[in-house]
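Subject: Structure for you to look at

Hello,

Here is the structure I promised. Please open it alongside this email and follow along.

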Amino acid sequence: MVQENAASPYELEETESGGERPGYSPFPIVGVGASAGGLEAFRSFLAELPEKPGMAFVLIQHLDPKHESRLTEVLEKASPLPIREATHGTTVEPDHVYVIPPGSTMTIEKGTLLIVPRGQARAPHLTIDAFFRSLARDSRSRAIAVVLSGSGSDGTLGIVEVKAVGGITYAQDERTATHNAMPRSAVDSGSVDFVLPPAEIAHSIARIKSHPYLAASEPEQAPLRAPNDDYQRVLALVRRSTGVDFANYRDTTIRRRIHRRMM
């Protein structure tokens, strides 16, 4: 299932030269959010990852702040990758899995995990949204966001922002989720690219890792560059068919979006 968001309050940030600002990390970082029923979904996802995926994974789950978490210990048995509970100031490295500590809000800045106590506010703690939104700012088009089983809607706002900056987004097929409210909310936002069971999400992420869209050192250097005559011809066809004229948009932005859809 593939969906394209028609409109978004967030826009791709461009440099003065007209190219999109690249993300900080030279490799993709995958944020995976879950709540109720998330343990089994995490297990299924991690078990299908290759030993050297060339990307990092950050797991965000709603954890009881009053109880010590055994999530890292439990998931170690399912994952081919080393798993560690994140600490403040941890530098994210490829081929590793990082787990949020209980009672915390975690974000990422310049490839470093930042952790603060969650506090005692009565308002809902949108822990997954907080991480996804920081990931969108930090990794840009190399951000990958995954929403798995859970109740409520945490993750939806963050996944919208990841999609808006050119990242890739997934939600668990609600038919396979113990609690389907979170993945359903994400899908209803129109910002989810792929809806799959957790194991198939892992397979998909492993396949797209080597795609030029993610592998290029700079977004504007992606090698999927059509001859200019063909590109202008496509824009003319779109204008005649829909009345939408992209002539005044930056070529780098439009080409980037086309490359993303091709992937």
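Start with one term: a residue counts as buried when its relative accessible area is under 20%. Keep in mind that this is a predicted model.

Now take Phe 45. Its relative accessible area is 0%, so Phe 45 is buried. Phe 57 also has a relative accessible area of 0%, so Phe 57 is buried as well.

These two residues form an aromatic pair. A pair of aromatic rings is described by the distance of the centres and the angle of the planes. Here the centres are 5.9 Å apart and the planes stand at 70°. That makes the pair edge-to-face. Phe 45 sits in helix 1 (residues 38-47), and Phe 57 sits in strand 2. The pair links distant parts of the chain, 12 residues apart. How many aromatic pairs does a search of the whole structure find? It finds 3.

Next, the nonpolar cores. In soluble globular proteins, nonpolar side chains tend to be buried together. The largest core here has 30 residues. Ile 29, Val 92, Met 106, Leu 113 and Phe 131 touch the most other members. Several elements each supply at least two residues, including strand 2 (56-61), strand 6 (104-109) and helix 4 (156-164). Which helix gives the most to this core? Helix 3 does, with 5 residues.

Beyond its neighbours within four places in sequence, Ile 29 is in contact with several residues, among them Ala 56, Val 58, Val 92, Leu 135 and Ile 144. Another core, of 27 residues, lies apart from the largest one. Its members include Phe 42, Leu 71, Leu 81 and Ile 144.

Best wishes

Key. Residues are numbered from 1 along each chain as its sequence is written. This is a predicted model: local features need pLDDT of at least 70, side-chain atom pairs count only at pLDDT 80 or more; totals for chains, interfaces and linings use all residues. Side-chain values use heavy atoms; hydrogens and water are left out. A nonpolar core is a set of buried Ala, Val, Leu, Ile, Met, Phe, Trp, Tyr and Cys residues joined through side-chain atoms within 4.5 Å. Buried means under 20% relative accessible area, exposed over 50%, partly exposed in between (1.4 Å probe, protein chains only). Helices (H or I, at least four residues) and strands (E, at least two) are DSSP runs, numbered from the N terminus. Contact means heavy atoms within 4.5 Å. Rings of Phe, Tyr and Trp (its six-membered ring) pair if their centres lie within 6.5 Å; planes under 30 degrees apart count as stacked, over 60 as edge-to-face and the rest as tilted.
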